[in-house]
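This briefing concerns a single protein chain, shown below with its sequence.

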Amino acid sequence: GQMPPRKAEFVDKTVLSDGFFPLILCKIRHTLFAGGLSRPFTREVMQRDPVAAVLPYDPVRDTVVLIEQFRAGKMLSGAPEPWMIEIVAGIIEKGETPEDMAKREAVEEAGCDILALEPLPGFYPSSGSCSEYVHMFCGKVDSEGLGGIHGLDHEDEDIRVWVEPADRALE
């Protein structure tokens, strides 16, 4: 059978914290799978602008460029080692396309120039509690000579660059 039209609406929105990532108390109701409308319920949601992420890949050497940096969220979780090995990513600035940001951030975080970008499916990494959407790309790079420490001092970034064989990185 055909699904009835679905809807979701805000009954109320309250800003709990207006920091770098605003925290919004959302009172919501939506249609139910069994029919009818839910009672209003609340969720605290972090409001985040969209980001772009790129996995720099060198097809000639079959290597990927990864970055390692300290992460406060991992520290808050109680993890003994609050550093993460990640792909290049950052918040898309006003007037910037996801492709522009992927190229800019690759230079800032990993010191590498993206020669070509291939879009991948995007995703919401934590949609239960955060509005962030990630535009994903694979970026063709020349990984020769890449490495060292990068990041923007005024953003308190301290980033180590790793160039790894692709099969080892996938493990």
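The notes that follow are grouped by topic.

The model is predicted. Antiparallel pairing links β5 to β4, to β6 and to β11.

**Pairing of strand β5**

- Strand β4 (residues 51–58) is antiparallel to β5, and two bridges join them.
- Strand β11 (residues 159–165) is paired with β5 through six bridges, again in the antiparallel sense.
- Four bridges connect β5 with β6, also in the antiparallel sense.
- Val-64 of β5 faces Tyr-57, and its bridge partner in β11 is Glu-164.
- Ile-67 has Glu-86 of β6 opposite.
- The hairpin formed by β4 and β5 has four residues between the strands, and Asp-62 adopts a positive phi near 55 degrees there.

**Thr-63 in strand β5**

- Thr-63 belongs to β5.
- The relative accessible area of Thr-63 is 10%, which is under the 20% limit, so this residue counts as buried.
- Beyond its neighbours within four places in sequence, Thr-63 contacts Pro-56, Tyr-57, Asp-58, Ser-143, Val-163, Glu-164, Pro-165 and Ala-166.
- Thr-63 and Glu-144 are 81 residues apart along the chain, while their C-alpha atoms are separated by 9.7 Å.

**The largest nonpolar core**

- This core comprises 16 residues, and those with the most contacts inside it are Val-54, Ile-67, Val-88 and Ala-110.
- Two or more core residues come from each of β4, β5, α2 (98–110) and β11.
- The largest contribution is that of α2, which supplies four residues.
- Ala-110 is in contact with Val-65, Ile-67, Val-88, Glu-105, Leu-146, His-150 and Val-161, leaving aside its neighbours within four places in sequence.

**The nonpolar surface patch**

- A nonpolar patch on the surface is formed by Phe-70, Met-75 and Trp-83, whose accessible area together is about 320 Å².
- Trp-83 is located in strand β6 (residues 83–86).
- Trp-83 has a relative accessible area of 41%; this value lies between the 20% and 50% limits, and the residue is therefore classed as partly exposed.

Note on methods: Residues numbered from 1 in each chain as written. Predicted model: local features only at pLDDT ≥ 70, side-chain atom pairs only at ≥ 80, totals over all residues. Heavy atoms only, no water. Patch = residues over 30% accessible without salt bridge, like charges linked within 9 Å, V, L, I, M, F, W, Y side chains within 5 Å. Areas by Shrake-Rupley, 256 points an atom, 1.4 Å probe, with all protein chains shown as cover. Salt bridge = Lys/Arg side-chain N within 4 Å of Asp/Glu carboxyl O. Buried < 20%, exposed > 50% of the residue type's maximum accessible area, 1.4 Å probe, protein only. Pairing = 2+ DSSP bridges. Core = buried A, V, L, I, M, F, W, Y, C linked by side-chain atoms within 4.5 Å. Contact = heavy atoms within 4.5 Å.
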